[in-house]
Amino acid sequence: MTILVQDLNQWKGAAVVDPADDRIGTLASVYVDSATDEWLFAAVETGLVGFKKTVLVPLDQAAVGRHDIRVAHPKDLVKAAPAFATDEELGPDDEPRIYAHYAMEYVPAQTPSGRRLARR
């Protein structure tokens, strides 16, 4: 199932699960390509109270279920991704590391900041 832009905003706070139905965490926000506005990554809040962190997981091949969002990457890979505190913004040095973690090609945006990802 394709995730539609208007649908994804309604899913904030929903569970994010991996292909084996293992719960990864909760959808906190979404990051889009700053040039095209295409949905690229889900920001997933994970961890225990007092030790929460945010990790990004690619939305390629993601699907919306009845009560959750299923991503194409296993829980262990997602939880090992570069993380940042739930109240922090994604830093400019984080973008290339996140892309590298998922073996994705990273090309900086052709903008003054060079940032490719924007949070929605």
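In the hairpin of β2 and β3, 5 residues separate the strands, and D37 takes a positive phi near 65 degrees. This is a predicted model.

**The β2 strand and its partners**

β2 and β3 run antiparallel and are joined by 6 bridges. Within this pairing, L27 stands opposite V44 in β3. β2 also pairs with β1, a strand of residues 15-17, in the antiparallel sense over 3 bridges. There, A15 stands opposite T26 in β2. β1 and β2 form a hairpin too, with 5 residues between them. Its turn holds D21, which has a positive phi of about 70 degrees.

β8 is another partner of β2. The two pair in the antiparallel sense over 3 bridges. D33 stands opposite L117 in β8.

How much of β2 is buried? Of its 11 residues, 8 are buried, so the strand is largely enclosed by the rest of the structure.

**The nonpolar core**

The largest nonpolar core has 31 residues. Y31, F41, L56 and L117 have the most contacts inside it. Several elements give two or more residues to this core: β2 (23-33), β3 (39-46), β4 (53-58), α3 (94-101) and β8 (117-119). The largest share, 6 residues, comes from β3.

**Helix α3 against the strands**

Which residues of α3 are buried? They are D94, E95, I98 and Y99. Seen down the axis of α3, these residues fall within an arc of 130 degrees, so they line one face of the helix. What covers them includes β3, β4 and β8. Just after α3, A103 takes a positive phi of about 55 degrees.

**Salt bridges**

A search of the whole structure finds 7 salt bridges. Side chains of opposite charge can pair when their charged atoms come close.

| Salt bridge | Distance |
|---|---|
| D21 and R70 | 2.5 Å |
| R116 and D33 | 3.2 Å |
| R120 and D37 | 2.7 Å |

D21 forms a salt bridge with R70. D21 lies in the loop between β1 and β2 and R70 in strand β6 (residues 68-70), so the pair ties together parts that are 49 residues apart in sequence. D21 is also the turn residue with the positive phi in the hairpin of β1 and β2. R70 is partly exposed, with a relative accessible area of 29%.

R116 and D33 meet through their side chains in a salt bridge. This pair links distant parts of the chain: R116 is in the loop between α3 and β8, D33 is in strand β2, and they are 83 residues apart. Are the two partners buried or exposed? R116 counts as buried, at 18% relative accessibility. D33 counts as buried as well, at 8%. The cut-off for buried is under 20% relative accessible area.

The side chains of R120 and D37 meet in a salt bridge. R120 lies in the segment after β8 and D37 in the loop between β2 and β3, so the pair ties together parts that are 83 residues apart in sequence. R120 counts as partly exposed, at 40% relative accessibility. D37 is partly exposed, with a relative accessible area of 43%. D37 is the residue with the positive phi in the opening hairpin.

**A separated pair**

A63 has its place in strand β5 (residues 63-64). At 22% relative accessibility, A63 counts as partly exposed. How far apart are A63 and R97? They are 34 residues apart in sequence and 25 Å apart in space, C-alpha to C-alpha.

How values were computed:
Residues numbered from 1 in each chain as written. Predicted model: local features only at pLDDT ≥ 70, side-chain atom pairs only at ≥ 80, totals over all residues. Heavy atoms only, no water. Core = buried A, V, L, I, M, F, W, Y, C linked by side-chain atoms within 4.5 Å. Buried < 20%, exposed > 50% of the residue type's maximum accessible area, 1.4 Å probe, protein only. Helix = DSSP H or I, 4+ residues; strand = E, 2+ residues; numbered from the N terminus. Arc of directions from axis to C-beta. Contact = heavy atoms within 4.5 Å. Pairing = 2+ DSSP bridges. Salt bridge = Lys/Arg side-chain N within 4 Å of Asp/Glu carboxyl O.
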